[in-house]
Amino acid sequence: MNIIESINLNLKKSKKNLLKNISLSISKGTLTAIIGPNGAGKSSLLKTFAAIDLSYSGKILIKKRSQKEWCKEK
């Protein structure tokens, strides 16, 4: 079962693409690393997954439900 999934995730700030068409799945019970050079968007991706930044386009699913649905329940 996928715990977190992103589909065509895009994040733009000040006309700069921070994330562009990111699609990934993280399954339950797996260890996942996000690696890359400085400025590659690692922190932006994690902030988007953690609902710190909701200004993205595309989809984020948590346990097959939209992240924005989860945020409404808080």
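Reader: Is Thr48 buried or exposed, and why?

Author: Buried means under 20% relative accessible area, exposed over 50%, and partly exposed in between, with a 1.4 Å probe and protein chains only. Thr48 has 0% relative accessibility and therefore counts as buried. This is a predicted model, in which local features need pLDDT of at least 70, side-chain atom pairs count only at pLDDT 80 or more, and totals for chains, interfaces and linings use all residues. Residues are numbered from 1 along each chain as its sequence is written, and side-chain values use heavy atoms, with hydrogens and water left out.

Reader: In which element does Thr48 lie, and with which residues is Thr48 in contact?

Author: Helices (H or I, at least four residues) and strands (E, at least two) are DSSP runs, numbered from the N terminus. Thr48 belongs to helix α1. Contact means heavy atoms within 4.5 Å. Neighbours within four places in sequence aside, Thr48 touches Leu9, Leu11, Leu19, Asp53, Tyr56, Ile60 and Gln67.

Reader: Which residues of helix α1 are buried, and why do they line one face of the helix?

Author: An α-helix has 3.6 residues a turn, so residues three or four places apart point the same way. In α1, which covers residues 42-49, the buried residues are Ser44, Leu45, Thr48 and Phe49. Seen down the axis of α1, these buried residues fall within an arc of 135°, so they line one face of the helix; the arc is that of the directions from the helix axis to the C-beta atoms. They pack against β1 (2-13), β2 (16-27), β3 (57-62) and α2 (67-72). After α1 comes Ala51, with a positive phi near 65°.

Reader: Where does Gly39 lie?

Author: Gly39 is found in the loop between β2 and α1. With a relative accessible area of 77%, Gly39 is exposed. Its C-alpha atom is separated by 20 Å from that of Ser57, 18 residues apart along the chain.

Reader: How many helices and strands does the protein have, and what is its radius of gyration?

Author: The protein has 2 helices and 4 strands, in the order β-β-α-β-β-α from the N terminus on. The radius of gyration is taken over C-alpha atoms, and the globule rule is 2.2 Å times the number of residues to the power 0.38. For 74 residues, a compact globule would have a value near 11 Å, and the 12 Å of the protein agrees with this. Buried residues make up 22% of the 74 residues.
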